[in-house]
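Hello,

Here is the structure we spoke of handing over, followed by notes on what was found in it. Please read the notes with the model open.

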Amino acid sequence: MFSLRNIFIGLLAFFLILASLFAVVSARIAENAIINNVIGERASQVKTTGNIIFNSPNFYAQGGSVLSVPRISAALNKSNETAKETLPERSGILFYRLININTKQIIASANEEELNLYFTRLPELSMEAGEISINRIQDQIEITYRSESIHALWMGISRAEILSTNSLIGMQLGLLIGLTLIIGAVLYVAGFYFVARPLSKLKIAMENVSHGTFSEKLPKGPGGGFSKVFEKFNLMLESIASVRERNEMVSSLKSDFITTVAHQLRTPLSAVKWSVKIILDQDFGPLNIDQRTILMKGYESNDRSIRLVNDLLDVDRIDSGKLQFEFAPTDLVALIDNIIDLVSPRALERNVSINFTGKEKGIPQVHADATKLRQVVQNLIDNAVKYSYPGGRVLVTIDRAGDKIVTTVTDGGIGIPKDQQQKIFSKFFRADNARKLQADGSGLGLYIMRRIVEKHNGEVSFKSEEGKGTTFTFIIPIDVGKK
Ligand code: ADP
């Protein structure tokens, strides 16, 4: 709604309204100024001649303008003070004043009607009327008072002049509005090219940055007053890009290092595994209980190390896109049963029971890589047992939802602290309470499982409350051939 374009249009409209108001007001002022000027000019002309003059044929044509004799008489009897108070009103088109040029005071004023009336009687008025006489000499009029010229002046402005002034003002007004429009348009175009366009480029560039694209620089050309901003922005992009490059390099070195170490460790760890296994199987002679217990612990620790090495190699394969998947119809129910059997001895050690519900619902096969899916299910059930309180219960459920299978693993264990939940699928992340309870753990299992599920076009989610338990849910599509 508040786009730059709208703001500009709004400003332009506001500017136009303001300019029109200004034009109307200035037109009124100009009109007054012109009228006053015309009148003032005439007055000054008369002052210099010092005669009673009325010599505009135009003026006659506009309806005449002479004071009536009785009116003049009455006016002359008035004090100057009173006369001033009755300053002429502007009749709209004409107004008149009788002025004593010597004293420069207004003697009388009249409106158009009175003068029109007088004008119709002009021929008769060339006679004496009391002490005032008014004579018409061709198109001039002379007024005398007690046989002396009273230097009277009729001032006015002709209708034609007003009309022409009005049309002049109209023209000026039109010109002003036209100019305003042109200035507005120029401002709009300039604003668009020098402000709105660079700003919108900047906006797009910033959006790119927020989406992680740092390669799209702003053009070097004119950016209005924004050239410097563009330059700085580009510099910022360059430094972000170089920091990213360095980070990527460090992270690739780190990943190379981890992969190399993992590979190097795998062979000796496997060798240890098989050596210990042979001894544990008593192929080289019987073992007493103590020997067996110690060897068993060694065997399990070695196994955990192998798992860690395998996880590290998996993460590397996932990150480099090298993890291969082989999809085939997979019986998820059988797979879960199998894993529960495998994990049960460990669960028993911790006095944790595992239940599995929903398998009676006739769950169809899923479209999956069975080995990878085992990893997912095993990690979830392993975690549920690992993070359960002793004597706790783990519940695994399976259900069908449309063309998808929903599997959940719930425990009543330590839960995940709220403030750490958003990091739970990050590589190597382990929550504080999990570290305290279980020293062992790589923080890689959930990262790997989420990637595997996503590769199955599925999704993973969880709900957890610290100290109360956790439910992990993963959803994957049914095998299309076995609906
Ligand atoms: P690991 O269990 O080896 O630490 P995972 O990637 O499987 O690694 O899990 C990452 C972290 O998620 C765990 O360290 C733990 O903090 C938390 N977590 C996972 N499952 C559970 C669970 N069922 N109950 C509580 N915390 C869990």
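Five strands form an open sheet in the order 8-10-11-13-12, and their pairing is mixed. Its edges are strand 8 (353-357) and strand 12 (459-465), each of which pairs on one side only. On average, neighbouring strands of this sheet are turned by 15° against each other, direction ignored. Please keep in mind that this is a predicted model.

At one end of that order, strand 12 pairs with strand 13 (residues 469-477) in the antiparallel sense, over seven bridges.

Two packed helices are described by the angle between their axes and the distance between the axes.

For helix 10 and helix 12, the axes come within 9 Å and cross at roughly 140°. An angle over 145 degrees would count as roughly antiparallel, and helix 10 and helix 12 are therefore oblique to each other. Helix 10 passes helix 12 in a left-handed crossing. On the helix 10 side the contact is made by Lys372, Gln375, Val376, Asn379, Leu380 and Asn383, and on the helix 12 side by Gly445, Ile448, Met449, Ile452 and Val453. By class, this contact of helix 10 with helix 12 has six nonpolar, four polar and one charged residues.

For helix 8 (residues 289-319) and helix 12, the axes come within 10 Å and cross at roughly 40°. Helix 8 and helix 12 are therefore oblique to each other as well. Their crossing is left-handed. Helix 8 contributes Asp311, Asp314, Val315 and Ile318 to the contact, while helix 12 contributes Gly445, Tyr447, Ile448 and Arg451. The residues of this contact divide into four nonpolar, one polar and three charged.

Gly445 and Ile448 of helix 12 are listed in the contact with helix 10 and also in the contact with helix 8.

**The ligand**

Which residues are closest to the ligand? They are Arg430, Ala431, Ala434, Gly441 and Gly445, out of 22 residues that surround the ligand. Helix 10 (370-386) and helix 12 (445-455) are the elements that give two or more residues to this shell. By class, the shell has 11 nonpolar, nine polar and two charged residues.

Regards

Terms used: Residues are numbered from 1 along each chain as its sequence is written. This is a predicted model: local features need pLDDT of at least 70, side-chain atom pairs count only at pLDDT 80 or more; totals for chains, interfaces and linings use all residues. A residue is near a molecule or strand if its C-beta atom, placed from the backbone, lies within 6 Å of it. Helices (H or I, at least four residues) and strands (E, at least two) are DSSP runs, numbered from the N terminus. Ala, Val, Leu, Ile, Met, Phe, Trp, Tyr, Cys and Pro count as nonpolar, Asp, Glu, Lys and Arg as charged, and the others, Gly among them, as polar. Axes are lines fitted to C-alpha atoms, for helices over the stretch in contact, and angles run from 0 to 180 degrees between N-to-C directions. Angles under 35 degrees count as roughly parallel, over 145 as roughly antiparallel, 65 to 115 as roughly perpendicular and the rest as oblique. A crossing is left-handed if the near helix is turned anticlockwise from the far one by less than a right angle, and right-handed if clockwise. Two residues are in contact if their C-beta atoms, placed from the backbone, lie within 7 Å. Two strands pair if DSSP finds at least two bridges between them.
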